[in-house]
Amino acid sequence: MTKPPSRLYLSVMMQSTPLDAALNRLQSSLDVLEAAVVRRKASEDVVAQLEEDVHLLAVDRSKLASTCDHLKAEATILSRANLAASLRVDHALEALREVLAEEEA
């Protein structure tokens, strides 16, 4: 089984002069080249957009890490203050119990 002739082959065979055939082949080649350039440009645009997205994600990550560090430090300070306040309240309650016990006695 033989392969059917390509459109390019048929268009070349239908040309009246060798120059017309050569010009048609050149035009076909230029069309293929242009399509390849368009695909390459689209691919480069996608890569550039992805690189920009990665950069923005890195900036966001950095900001989040900084915020997280700040919040951890703040939580530590609040935890220590809570412990100190709790100890003071315990001492105050103990002192009140002692005073009430003395008054009852």
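Glu102 sits in helix α2, which covers residues 18-104. Helices here are DSSP runs of H or I with at least four residues, strands are E runs of at least two, and both are numbered from the N terminus. The model is predicted: local features need pLDDT of at least 70, side-chain atom pairs count only at pLDDT 80 or more, and totals for chains, interfaces and linings use all residues. Residue numbers start from 1 along each chain as its sequence is written, and side-chain values use heavy atoms, with hydrogens and water left out.

Start with Glu102. Its relative accessible area is 62%, so Glu102 is exposed. The classes are buried (under 20% relative accessible area), exposed (over 50%) and partly exposed (in between), with a 1.4 Å probe and protein chains only. The areas come from the Shrake-Rupley method with a 1.4 Å probe; for residues, only the protein chains shown count as cover.

Together with Glu98, Glu103 and Glu104, it makes up a surface patch of negative charge. Patch members have over 30% relative accessible area and no salt bridge; like charges are joined within 9 Å, and nonpolar side chains (Val, Leu, Ile, Met, Phe, Trp, Tyr) within 5 Å. Asp and Glu count as negative, Lys and Arg as positive, while His and the chain ends are not counted. Each charge is placed at NZ of Lys, CZ of Arg, CG of Asp or CD of Glu.

Now the paired charges. A salt bridge needs a side-chain nitrogen of Lys or Arg within 4 Å of a carboxyl oxygen of Asp or Glu. Three salt bridges meet this rule.

Take Glu44 and Arg40. Their closest N and O atoms are 3.0 Å apart, in a salt bridge. The two residues are four apart in helix α2, so about one helical turn separates them. Arg40 is exposed at 56% relative accessible area. Glu44, at 41%, is partly exposed.

Next come Asp45 and Lys41. Their side chains form a salt bridge with an N to O distance of 2.7 Å. Again the spacing is four residues in helix α2, about one helical turn. Asp45 is partly exposed at 39% relative accessibility. Lys41 is partly exposed too, at 46%.

Further along are Glu94 and Arg97. Here the salt bridge spans 3.7 Å, N to O. These residues lie three apart in helix α2, which puts about one helical turn between them. Glu94 is partly exposed, with a relative accessible area of 39%. Arg97 reaches 51% and counts as exposed.
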